[in-house]
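Subject: Structure handover

Hello,

Please find the structure below. My notes on it follow.

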Amino acid sequence: MKILVFSDTHSYLDNARNVLRHIGARMDMVLHLGDHDADALALQKEFPRLPFHYVKGNNDYLMDTPSKKLVHAGGKALLLTHGHKQRVHWNPDTIGYWAEEQGADVVLFGHTHRPLWDDGGRVALFNPGSISQPRGGTLPTFGILTIENGRIEGAIMEYWDAEHFKRLNG
């Protein structure tokens, strides 16, 4: 199972659209981790073949969007949140402990606009960074989560242009 992961699009969807046009057909699902949840709805309408799951971020105001969501995929529990309530800027361990209490195998979050893949703890931590407004001197990034044979692997993908992506980790 291959899952495309976006966060922090902030109403700039060109990069996300380009990624979906080029690799969306190879994905089984799309996750959007907030800021802006309305962007997830717009992308879902444009790419109706793909199931979308999304959560609200600290800049989101749609009433029906949850702030966290547990999604089961490939036999694993994926906990989606934006991360601002778990103070991910200060210490990523906090969100890991919180996700473990929720029964997650991996917690997916955004908010920092900086990519992270850490599978060294009891719960894997996955932040795809921002496809629209990166921070920390990186190019825009997105994530691909692969679940295969009971194993989870997160890939951070650097977005160069509409047809060129490069894996940063591993």
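The classes used here are buried for under 20% relative accessible area, exposed for over 50%, and partly exposed in between, with a 1.4 Å probe and protein chains only.

Before the rest, a note on the source. This is a predicted model, in which local features need pLDDT of at least 70 and side-chain atom pairs count only at pLDDT 80 or more, while totals for chains, interfaces and linings use all residues. Residues are numbered from 1 along each chain as its sequence is written, and side-chain values use heavy atoms, with hydrogens and water left out.

Salt bridges

The structure holds five salt bridges, a salt bridge being a side-chain nitrogen of Lys or Arg within 4 Å of a carboxyl oxygen of Asp or Glu. R122 takes part in one of them, with E100 as its partner and 3.0 Å between the closest N and O atoms. R122 sits in the loop between β7 (115-118) and β8 (124-128), and E100 belongs to helix α3 (residues 92-101), so this pair ties together parts that are 22 residues apart in sequence. Helices (H or I, at least four residues) and strands (E, at least two) are DSSP runs, numbered from the N terminus. E100 is partly exposed, with a relative accessible area of 33%.

Salt bridges with shared partners also join D14, R17 and E46 into one network. Between D14 and R17 the closest N and O atoms are 3.5 Å apart; these two residues are three apart in helix α1, and therefore separated by about one helical turn. Between E46 and R17 the corresponding distance is 2.8 Å. That pair links distant parts of the chain, with E46 in helix α2 and R17 in helix α1, 29 residues apart. D14 is partly exposed at 38% relative accessible area, and E46 is partly exposed at 36%.

Sheet and helices

Six strands make up an open sheet with mixed pairing, in the order β3-β2-β1-β9-β10-β11; two strands pair if DSSP finds at least two bridges between them. The edges are β3 (52-54) and β11 (164-167), each with a single partner strand, so one side of each has no neighbour in the sheet. From one strand to the next the twist averages 25°. Strand β1 (residues 2-6) pairs with strand β2 (residues 29-32) in the parallel sense, over four bridges, and F6 stands opposite H32 in β2.

Helix α1 (residues 14-23) lies across β1, β2, β3, β9 (141-148), β10 (151-161) and β11, and runs at about 170° to β1. Helix α2 (residues 37-46) packs on the sheet, touching β2 and β3, at about 175° to the direction of β3. Contact means heavy atoms within 4.5 Å. Axes are lines fitted to C-alpha atoms, for helices over the stretch in contact, and angles run from 0 to 180 degrees between N-to-C directions.

Backbone points to check

Most residues other than glycine have a negative phi, and most peptide bonds are trans. The peptide bond from D35 to H36 is cis, with omega near 20°, and H36 is found in the loop between β2 and α2. H10, in the loop between β1 and α1, has a positive phi near 50° and is buried at 17% relative accessible area. N149, in the loop between β9 and β10, also has a positive phi, of about 50°, but is exposed at 80%.

Regards
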